[in-house]
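Open the structure in your viewer and keep the selection tool at hand.

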Amino acid sequence: MTTTFSNLQSDLVTEILTRVPLKYMRAVRMTCKNWNDLSKNQIFTKMHIDKAATTGKEGETQMIVMMGYNLHLTNIFINEDPSIKQESKLCCLNKQVKIFKFINCEGLLLCILKEDSRVVVWNPYLGQPRWIIPRYSHSPYRCDGFSYARGYEDKKNKSCRSHKLLRFLVYYVNPESDNHFLWYEIYDFDSDLWTTLDVVTPHFPHLYRSGVSLKGNTYWCAPKRNTDDEYGIICFDFTKERFGSLLPLPFSAGPNDYVTLSCVREEKLAVLLQHNEYNPYELDIWITTKIEDEEVLWSKFLRIETEWDICVPFISGNFFIDEENKVAIGFEEDNRHRVNIIGEAEYFRGLDLVGEFGDQNYMPHLCSYVPSLVQIKQPEQGGEWKQESDVEKRRYDQNMLRFVSHLKRMNKLCGGGKRQKKKNS
């Protein structure tokens with residue numbers, strides 16, 4: 001009698017499939033319904049992730065790299081002879097979509113799409129997406145005028161978390177002017193509804209940099225309004241649905257210095273400071289030892305100094321750190337296909353990405369990645385259709401009128417400047 005997988009005992013099938021590398025799990029799920037159901041079983045997924053962690057090579061770190069509007073599962077090996085290897089392209093649908101930016105929140109990816117008004121929250125390990133339709137599309141407007149963040153609220157009377165999505169729109173002529181438009185709204189996964197938020201913050205989170213998710217909340221680097229040299233971090237609390245106070249950074253940063261945040265193993269924040277072109281010989285990284293609503297404490301993680309004629313390798317965009325090997329990892333500024341690894345004692349390695357990463361008009365993005373067992377709640381099918389309140393409808397209509405009016409003023413100001421310049425010439 002010929003033995004096939006269908007004849008094997010379920011325990012043996014489980015043991016075999018837990019040995020399958022993470023990059024092949026999508027193919028496993030598509031093989032048959034039984035394997036698909038098994039791969040999403042909590043006991044199986046825990047066994048699979050634990051086995052992948054124990055069988056990995058020494059110094060191996062998984063990361064997700066965005067290039068060419070695609071996401072790639074990539075392994076980086078940090079040892080005496082570091083290397084980098086593209087494992088697979090990640091697909092949240094059978095049809096590949098173009099991803100404009102993404103944010104990692106404890107293994108769940110929030111993806112903003114380039115040619116689609118929807119956004120998607122996606123668990124790459126479980127192959128589970130949740131598609132969300134905004135109340136108005138960002139497509140006709142500047143994509144970078146919209147900022148997104150994902151977080152959750154821990155329910156005291158429930159074993160599961162209540163996931164939420166924050167979207168805010170900031171339009172201004174320049175950050176120091178009062179001629180700006182702000183609109184904050186939040187989407188609740190449980191109710192499947194958007195709600196306008198009445199929040200006040202005296203700061204503008206840097207819209208060209210994504211927020212960093214930590215323990216259900218999101219943090220941004222932010223300058224204090226109307227100042228050039230007072231920077232801090234600002235947090236959006238998804239339980240209270242409001243921004244907190246501006247918390248101090250462990251240094252003073254000038255307007256041309258480069259400051260960016262990262263997350264360390266979903267437990268701490270890290271902040272990187274690189275000076276401008278007048279002092280390109282220093283790089284500093286701190287990590288938090290304590291972070292609460294009104295207090296943050298920092299500890300120096302890494303400092304790199306070079307001679308006056310040797311510049312520190314510049315890490316552009318975002319970064320992440322490897323605490324065990326005491327290194328920082330991020331893209332090189334002038335080479336978007338090279339990842340820099342920098343550490344103590346002038347340790348530096350530049351690794352070129354190989355493979356079909358495609359063209360990239362925007363700065364590439366990377367983050368460390370640990371698979372998640374979190375099931376993303378899907379909208380109820382066939383249940384009672386939920387409708388927003390009359391009050392929320394009025395608030396939405398008022399904000400849309402304000403938004404259109406502000407765009408007209410901005411176009412008039414920009415157009416007026418161009419006409420005046422042409423007249424003077």
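Over how many bridges do strand 17 and strand 18 pair, and in which sense? Keep in mind that this is a predicted model. Select residues 258-264 for strand 17 and residues 268-274 for strand 18. The two strands pair over 7 bridges, in the antiparallel sense.

Four strands in the order 17-18-19-20 make up an open sheet with antiparallel pairing. Strand 17 and strand 20 (296-305) are its edge strands, and each pairs on one side only. On average, neighbouring strands here are turned by 20° against each other, direction ignored.

Stay with strand 18 and show the side chain of Lys268. Lys268 forms a salt bridge with Glu323, at 3.0 Å from N to O. This pair links distant parts of the chain: Lys268 belongs to strand 18, while Glu323 is in the loop between strand 21 (315-322) and strand 22 (327-332), 55 residues apart. Glu323 is partly exposed, with a relative accessible area of 26%.

In the loop between strand 21 and strand 22, select Lys326 next. Its side chain meets that of Glu344 in a salt bridge (3.6 Å, N to O). Glu344 lies in the loop between strand 23 (338-343) and strand 24 (347-352), so the pair ties together parts that are 18 residues apart in sequence. Lys326 is partly exposed, at a relative accessible area of 31%, and Glu344 is partly exposed too, at 44%.

Which strands does it contain, and in what order? It is an open sheet of 4 strands in the order 3-2-1-25, with antiparallel pairing. Select 83-90 for strand 3 and 365-368 for strand 25 to see the edge strands, each of which pairs on one side only. Neighbouring strands in this sheet are turned by 25° against each other on average, direction ignored. Inside the sheet, strand 1 (residues 60-67) pairs with strand 2 (residues 70-77) over 8 bridges. Ile64 has Leu73 of strand 2 as its bridge partner.

Finish with the charged side chains. The whole structure holds 21 salt bridges. One of them joins Asp116 and Arg118, whose closest N and O atoms are 3.0 Å apart; Arg118 is partly exposed, with a relative accessible area of 28%.

Key: Residues numbered from 1 in each chain as written. Predicted model: local features only at pLDDT ≥ 70, side-chain atom pairs only at ≥ 80, totals over all residues. Heavy atoms only, no water. Pairing = 2+ DSSP bridges. Axes fitted to C-alpha atoms, helices over the stretch in contact; angles between N-to-C directions. Salt bridge = Lys/Arg side-chain N within 4 Å of Asp/Glu carboxyl O. Buried < 20%, exposed > 50% of the residue type's maximum accessible area, 1.4 Å probe, protein only.
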